[in-house]
Amino acid sequence: MARLLVTGGAGFIGANFVHYWLDRHPNERPEARPQDRPQERPQERLVVLDALTYAGNRASLAPAAGRPGFRFVEGDVRDQPLVERLLREEELDTVVHFAAESHVDRSISGPDVFLDVNVVGTHALLKAARAVWLAGAGGPTPGGGRPHRFHHVSTDEVYGSLGLADPAFHETTPYAPNSPYAASKAASDHLVRAYHHTYGLATTISNCSNNYGPYQFPEKLIPLALVKLLGGEPVPVYGDGANVRDWLHVEDHCRGIELILERGQPGAVYNIGSDNERPNLEVVRLLCGALDEAFAAEPALARRFPAALAAAGGFEGERFAFVRDRPGHDRRYAIDARRIRSELGYRARIGFEEGLRRTVRWYLDHEDWWRPLLGRDYREWMRAQYGDG
């Protein structure tokens, strides 16, 4: 039975992983602290550590509240004493590290926090894990200490940009990050690798492609487009809209991480993708079609979102506002996921069109989750990023 510390568990991918894990690994006994059952190894435990910055939302964890074995702690991954205390008190043996500043546009306008959280924060976690799990092991020789796993969640952006005819990124592709965000993630990847090779910490790293699905903050393309379309506004699209990404439903990503935790080789890197490359403009057009289908099937949506073109039977497909391209915008990402398929039996199960329909349905059904996020700070950031169009 694993006992997990999930950093950034109130963020998009982290919250989805929390729900996925609790559903797949339910506790069968009532909650009890280790000291209450000194002769028995404690039951499964999942502790979320999250600083609740703008993209961390406690409401995303509401379905987990009251679940046996679940605990939420508001705190910062840079707080090494706090992390050490949690690892010891809760007798945790696994870290799943999602916590990161992750939006490229924000890293361009303010890179300092990305270096601080993504690099310094990851290093603080590694130091805490080493202090607790490898205490007494001594020396640089790999091994020793308690059984454990430190899993670091990274991104395909560390590999740089691909040409349209280039082969997909694989685990040995040289790093070539092009944004401050990607550079900060690349640095944290190298730290994780170094702690395995130097100190023997049992680490794994996963580099994933673009995720989408429930609980995603509406600064990323798909939820941003949904919010704009439901409000009757055009969707801002960078440049010519031809930038290509490999789109991965967040549930498939969680499944890949689960496999790595269960069977991944310590020290290994696994790329998680879905072989689903799409230009941004095509993604928005498909999203418009899924939204039109939902409005056609459910007339009540027109009353809830009267500003949406779909409310009047209109086609949302040309509601674009092409805006100035972001500096250094990578043209294409693509993931070669053969290693995780061959070694761990991973397969992405959710097709893109089906995943979009599920995502549209979730946002339509959870207006109470995303509507409060669209406050003044969000609107000001949107105007600064995309203008008033």
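This is a walk through the structure shown above, from its overall build to a few single residues.

The model is predicted, so keep its ground rules in mind: local features need pLDDT of at least 70, side-chain atom pairs count only at pLDDT 80 or more, and totals for chains, interfaces and linings use all residues. Residues are numbered from 1 along each chain as its sequence is written, and side-chain values use heavy atoms, with hydrogens and water left out.

Let us begin with the whole protein. It contains 13 helices and 12 strands; these are DSSP runs numbered from the N terminus, with helices being H or I of at least four residues and strands being E of at least two. Along the principal axes, the C-alpha atoms fill a box of roughly 65 × 45 × 40 Å. The radius of gyration is 21 Å, which agrees with the value near 21 Å for a compact globule of 389 residues. That radius is taken over C-alpha atoms, and the globule rule is 2.2 Å times the number of residues to the power 0.38.

How much of the protein is buried? Buried residues make up 56% of the 389, where buried means under 20% relative accessible area, exposed means over 50%, and partly exposed lies in between (1.4 Å probe, protein chains only). The protein exposes about 16,100 Å², and carbon and sulfur atoms supply 51% of that area. Such areas come from the Shrake-Rupley method with a 1.4 Å probe, and for residues only the protein chains shown count as cover.

Contacts tell us how the chain comes together. Among contacts between residues at least 6 apart in sequence, 82% join residues at least 24 apart; a contact means heavy atoms within 4.5 Å. As for charges, the mean positions of the 46 positive and 52 negative ones are 2 Å apart. Here Lys and Arg count as positive and Asp and Glu as negative, while His and the chain ends are not counted. The place of a charge is taken as NZ of Lys, CZ of Arg, CG of Asp or CD of Glu.

Now find helix α1, residues 12-24. Its 13 residues reach 19 Å from first C-alpha to last, close to the 18 Å expected at 1.5 Å a residue; the expected span is 1.5 Å times one less than the number of residues. Because 11 of its 13 residues are buried, α1 is largely enclosed by the rest of the structure. Among these buried residues are F12, F17 and W21. What covers them? The cover of the buried residues of α1 includes strands β1 (3-7), β2 (45-50), β3 (70-74), β4 (94-97) and β7 (210-212), together with helix α7 (250-263).

Leaving aside residues up to four places away in sequence, R263 touches L344 and G345.

Strand β4 holds V96, which counts as buried at 0% relative accessibility. Beyond residues up to four places away in sequence, V96 touches several others, including F17, H151, I257 and L261. V96 and V47 are 49 residues apart in sequence and 10 Å apart in space, C-alpha to C-alpha.

Some loop residues are also worth a look. Most residues other than glycine have a negative phi. E91, in the loop between α2 (80-89) and β4, has a positive phi near 50°, and E91 is partly exposed at 34%. Y215, in the loop between β7 and α6 (221-230), has a positive phi of about 70° although it is not a glycine; at 11% relative accessibility, Y215 counts as buried. L134 sits in the loop between α4 (112-133) and β5 (149-155) and is buried at 6%. From L134 to R303 is 59 Å, C-alpha to C-alpha, with the two 169 residues apart in sequence.

We finish with helix α11, residues 352-365. Its 14 residues reach 20 Å, close to the 20 Å expected, and its buried residues include F352, W362 and Y363.
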